[in-house]
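Dear colleague,

I am passing on the structure we spoke about, placed just below. My notes on it follow, and I would be glad if you read them with the model open beside you.

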Amino acid sequence: MKKILRGLILGVWTAVFISLLSACAGKPRPEILPDSGPALVETDETPQGPALLSEIVLAVPQRASLAVQVSDQPLMAPAEQVAMHNQALERFFAPWKQVRASLSAKDISWGVRGLGSKQGYAENLQPYPQDRWVHVVALQDLPTYPSLSAPAITVRNTSMRVLPSNRPFFLDPKRPGEGFPFDYFQNTAVWMGTPVFITHVSLDRAWYYVETAFANGWVRSEDVALTDENFCAQYESRAMVALRKDETSLIGQDMFLGQTHIGAIFPLHSRGGQGFMVKVPVRDATGRAKVALAELGYLQASRMPLPLTSRSVADLADAMSGQLYGWGGMFENRDCSSTMRDLFLPFGIWLPRNSSQQAKHGGESLSLEGLDAVAKLHAIRTQGVPFASLIWLPGHIGLYLGTSDRNEPLMLHNLWGVRTALPEGGEGRAVVGRLVISTLRPGEERDDVRRDDFLDKVRGLTLIGAKSSVIGK
């Protein structure tokens, strides 16, 4: 029935679209004809497209501030948050304290060993060309590693890659959970203004291998600028400003300096009635970094650390609401772990980049292994701290928000999809593909989703920060 309904909707929309095209075909453009009638007038009406048929029903509010009650009660002792904030900034600027590469040539070539024996697929979903593989591997120029030791900073958002290529490497697209968007060359997105340490340059000089405080990999050389002692002294600061809006443009002296997202932080230059003046790194003609200034309004940014309350966390989460899923930060979107990392950095809380490391090192870990569904839900309700606990399962992580009006634990997470059972046997996916709020039984309104499949995979709860620092614990 669902397939028939989808087909009818698609057919109706296609017919309407074709009729619109035929109605417009052959008409000259109005702006090049004299007396062609009134000009088009912009309206506030939203252009209508085909109806969206969600594959998963999310029967809870999709705003954290509406899904559960929030308050201004601190979630962590203020002194502990200040200490964590100071540690976060030390880690952020740590690459500039390096003097040499911390990784071996074997370490940085793990992608060749891990993927070289697998059948890959290119962007046309055909087998990955052998000559391309040989070329990309050679670009690493491993015999000369490490060829550089240079502090630098990202001057635009960049994709950190496992190998020096912007083109993707998929595994079998016919398998569920493979193919697009799971590009195995994609490591993470790195936001503008991130300190890095360059340890190597590719054979064609187009790529740098960089170490950051949270990930290592290849970035395009034009996306970074070399820093010197003078720049670092100007830029490194304990007075930092965190963005509160994604796709925030940084403008200085009526010039566009860059655009970046929640999770990016910049040193404070000054503060005025309208907002903050922040320092922004730009690249000069010689490839070196210099400081420019950009103004950010109070709705766009806040001084770090933001007060760690459920209301503040909910407000920042709601600013990300519905963002599309981005494996490894692809297209400057977020996956599950980068969502958690970007969400908590403005509060001065440093989280590792991947989900398993966040679960182990994000705070006090509580194991839920071996518990049945009822016991697991009870443990989350009684031991989890809403807005300050991470729910973890293999390969996935999200934020515990508290319970719904039906006493169901709610989770904020950027979720690609839910496992389904195919009629002919085998496994499929019902795609979610965005940041959502759900219960721990997402998709179970569907007949092809096994009861408690998601919940059974939940392995632990991580209380952010030290146990003594969490209010009420």
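Is cysteine 232 buried or exposed? Cysteine 232 is buried, because its relative accessible area is 14% and the cut-off for a buried residue is under 20%. Cysteine 336 also counts as buried, at 7% relative accessibility. As for cysteine pairing, a search of the whole structure finds 0 disulfides.

Please keep in mind that this is a predicted model. The mean pLDDT of the protein is 89, with 87% of its residues reaching 70 or more. Over residues 1-42, however, pLDDT stays under 50, and the model has 8 contacts beyond four places in sequence for that stretch. The pLDDT is likewise below 50 over residues 467-473, a stretch that has 18 contacts in the model beyond near neighbours in sequence. I would read both of these stretches with caution.

Cysteine 336 brings us to helix H9, which spans residues 336-344 and is largely enclosed by the rest of the structure, because 9 of its 9 residues are buried. Among the buried residues of H9 are Ser337, Met340, Arg341, Asp342 and Phe344.

Turning to the aromatic residues, the structure holds 21 aromatic pairs. One of them is formed by tyrosine 128 and tryptophan 133, an edge-to-face pair with 6.3 Å from centre to centre and 85° between the planes. Tyrosine 128 is buried, with a relative accessible area of 9%, and tryptophan 133 is buried too, with a relative accessible area of 12%. The pair of phenylalanine 182 and tryptophan 327 is edge-to-face because the ring planes stand at 80°, with the centres 5.0 Å apart. This pair links distant parts of the chain, 145 residues apart: phenylalanine 182 lies in the loop between strand S2 (158-161) and strand S3 (186-190), whereas tryptophan 327 lies in the loop between helix H8 (310-319) and H9. Phenylalanine 182 is buried, with a relative accessible area of 8%, while tryptophan 327 counts as partly exposed, at 24% relative accessibility.

Finally, ring pairs link Phe92, Phe93, Trp96, Phe231 and Tyr235 into a cluster.

With best wishes

Key:
Residues numbered from 1 in each chain as written. Predicted model: local features only at pLDDT ≥ 70, side-chain atom pairs only at ≥ 80, totals over all residues. Heavy atoms only, no water. Buried < 20%, exposed > 50% of the residue type's maximum accessible area, 1.4 Å probe, protein only. Helix = DSSP H or I, 4+ residues; strand = E, 2+ residues; numbered from the N terminus. pLDDT = per-residue confidence, 0-100. Contact = heavy atoms within 4.5 Å. Disulfide = S-S within 2.5 Å. Phe/Tyr/Trp six-rings, centres within 6.5 Å; stacked < 30°, edge-to-face > 60°.
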